[in-house]
Amino acid sequence: MTTSGRKTFRWWPVDHGRHAIPGELRPGDTGETLCLHPVTYLGGEPSKREWLWPTCQVCYERARGYTHISLAGYHYGPVLPAQRQTEQHQADSQVIR
Ligand SMILES: [Zn+2]
C-alpha cells in the first residue's frame, strides 16, 4: 500500500472508447472505468485498432489527478500511443529508347 495519496490509472479500450481504469486492477479483475462504466481488465496489450478508439472525455478529465502507469507494469510513462506509418514507395526508373 502506498500512502502517496495519488491514485493511478491506465488507458484501456472499452466499448469503442479509450477509457481510464484504476491502476490497481489486475488481469481478470472486474471494476469500473473512471466514468463508472463496468469493465473487465484482461491484461495484455490492446490491439492497435483499439488504441485508435476515441478517448473518453470523462475519463480524460478525471485522470488528470491520477498518475498514469503503463500496461506493462507499475512504472510511470507518458500516454503516447505508438503511431507508425510504413510507407514504401518504389520508384522504378525505366529508360526506354
Ligand atoms: Zn470513460
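Ile-21 is in contact with Phe-9, Arg-10, Trp-12, Gly-31, Thr-33, Val-39 and Tyr-41, leaving aside its neighbours within four places in sequence. Two residues are in contact if their C-beta atoms, placed from the backbone, lie within 7 Å. Residues are numbered from 1 along each chain as its sequence is written. The model is predicted: local features need pLDDT of at least 70, side-chain atom pairs count only at pLDDT 80 or more, and totals for chains, interfaces and linings use all residues.

Ile-21 also belongs to the largest nonpolar core, which has twelve residues: Phe-9, Trp-11, Trp-12, Val-14, Ala-20, Ile-21, Leu-25, Leu-34, Tyr-41, Cys-56, Cys-59 and Ala-63. A nonpolar core is a set of buried Ala, Val, Leu, Ile, Met, Phe, Trp, Tyr and Cys residues joined through C-beta atoms within 7 Å. Buried means that 20 or more other C-beta atoms lie within 10 Å of the residue's own, again placed from the backbone. At least two residues of this core come from each of strand E1 (8-14), strand E2 (17-22) and helix H2 (57-63). E1 gives the most, with four residues.

Along the sequence their pattern is β-β-β-β-α-α-β. Of the 97 residues, 16% count as buried.

Confidence is given by pLDDT, the predictor's value for each residue from 0 to 100. Its mean over the protein is 79, and 68% of the residues reach 70 or more. Over residues 74-91 pLDDT stays under 50, and the model has eleven contacts beyond four places in sequence for them.
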